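Subject: Structure for your review

Dear colleague,

Please find below the structure that I am handing over to you. My notes on it follow.

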Amino acid sequence: MAQPTFTQQHFKKQIPAGNYSGICPLGDDLFAVVDDKAETDGFHVMRLVVDSLTERITETEYMGYRSSGLPNRDMEGICYRPSTRTIFISGEADNEVFEYTLDGQRTGRRLQMPDFIRQAESNYGLEALTYDAGRHLFFTATEHPLPGESQVRLLAFGDDLALQRQYLYQPDAPLSSKYSIYGISALCALHDGRLLVMERQVRIPRLKIGASALTRIYEVTPADDEQLEKTLLVEFTTRITLFSRKFANFEGLCQVAPSLILLVADSQDRYKGVLRDWFRLERLSP
């Protein structure tokens with residue numbers, strides 16, 4: 001694994017505090033971002049100008065919330081399908097993936113989710129979502145394996161929104177019982193056909209000082225084999241210490257350049273003024 005390079009930034013004045021859990025590019029420097037604690041079902045739109053040479057976000061603008069007018073359903077993952085200019089959002093509360101227009105309204109269409117996904121435990125349901133425009137496939141997965149299973153089922157859906165394939169993915173075991181939050185937090189289909197799987201493990205002591213979040217990004221290639229083999233590409237840890245507040249629970253992931261990815265963190269509305277809405281750029285090896 002090559003040593004990653006990164007830039008971690010936050011924009012207190014330009015971007016409102018949130019519980020950001022997924023991000024996808026819309027083109028022209030625009031991004032759709034979901035917030036799992038938003039008042040209603042929908043998504044934020046932000047303008048983020050990424051300089052791929054300096055690997056920094058150089059301009060930001062918040063462009064508002066696009067609401068469906070329906071109740072929040074713990075929105076976790078988001079992706080954009082260019083051919084229909086529509087957005088798809090996964091919800092952990094209902095384990096559904098609905099389609100939306102760019103103004104936030106539901107179209108009435110959804111991925112044809114198999115019944116076994118209803119078995120997912122509360123707070124461990126559909127978390128990650130991405131769309132591979134080259135292969136015309138949606139990929140989604142639950143945060144944890146389903147009850148009684150040891151591996152996560154990664155599901156692939158076609159442009160007809162029907163289930164096409166299932167794959168098995170072995171997530172990492174938590175480092176210890178102190179890591180109370182762990183599992184798959186995001187998927188990202190790369191332009192070259194690879195699929196990134198982001199896993200995180202979070203430890204939060206009672207006094208918060210010493211909290212840490214381990215983020216690992218793996219590469220898989222969904223093909224003919226049901227069992228996915230994963231390769232570690234990026235690994236890093238962020239912490240809260242007496243001198244640092246760079247702790248970040250990263251939940252969203254997307255590609256912004258051929259070898260550059262963008263992560264967004266859930267700050268719990270900038271919890272007690274300590275956490276921040278971090279954006280992080282990571283360069284991948286070709």
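Which residue stands opposite Arg56 in β5? It is Asp51. Please keep in mind that this is a predicted model.

**The β4–β5 hairpin**

The pairing around these two residues is antiparallel: strand β4, residues 40-51, and strand β5, residues 56-71, are joined over 10 bridges. Together β4 and β5 form a hairpin, with four residues between them. In the turn, Glu55 has a positive phi of about 60 degrees. Strand β5 also holds Thr60. Thr60 counts as buried because its relative accessible area is 17%, and the cut-off for buried is under 20%. From Thr60 to Ser150 the separation is 90 residues in sequence and 41 Å in space, C-alpha to C-alpha.

**Salt bridges**

Side chains of opposite charge can pair when their charged atoms come close. The structure holds 24 salt bridges, and I describe some of them here.

Glu55, the turn residue of the hairpin, forms a salt bridge with Arg283, and the closest N and O atoms are 2.3 Å apart. This pair links distant parts of the chain, since Arg283 belongs to strand β20 (residues 279-283) and Glu55 to the loop between β4 and β5, 228 residues apart. Glu55 has 12% relative accessibility and therefore counts as buried. Arg283, at 29% relative accessibility, is partly exposed.

A salt bridge also joins the side chains of Arg81 and Glu99, at 3.4 Å from N to O. Arg81 lies in strand β6 (residues 75-81) and Glu99 in strand β8 (residues 96-100), so the pair ties together parts that are 18 residues apart in sequence. Glu99 is buried, with a relative accessible area of 0%. Arg81 is buried as well, at 5%.

For Asp172 and Lys230, the side chains meet in a salt bridge of 2.8 Å, N to O. Here too, distant parts of the chain are linked: Asp172 is in the loop between β13 (163-169) and β14 (179-189), whereas Lys230 is in the loop between β16 (212-220) and β17, 58 residues apart. Asp172 counts as buried, at 17% relative accessibility, while Lys230 is partly exposed, with a relative accessible area of 25%. Both residues belong to a network of salt bridges that also links Glu199, Arg216 and Glu235.

**Surface patches**

Phe243 is exposed, because its relative accessible area is 80%.

With kind regards

How values were computed
Residues are numbered from 1 along each chain as its sequence is written. This is a predicted model: local features need pLDDT of at least 70, side-chain atom pairs count only at pLDDT 80 or more; totals for chains, interfaces and linings use all residues. Side-chain values use heavy atoms; hydrogens and water are left out. Two strands pair if DSSP finds at least two bridges between them. A salt bridge is a side-chain nitrogen of Lys or Arg within 4 Å of a carboxyl oxygen of Asp or Glu. Buried means under 20% relative accessible area, exposed over 50%, partly exposed in between (1.4 Å probe, protein chains only).
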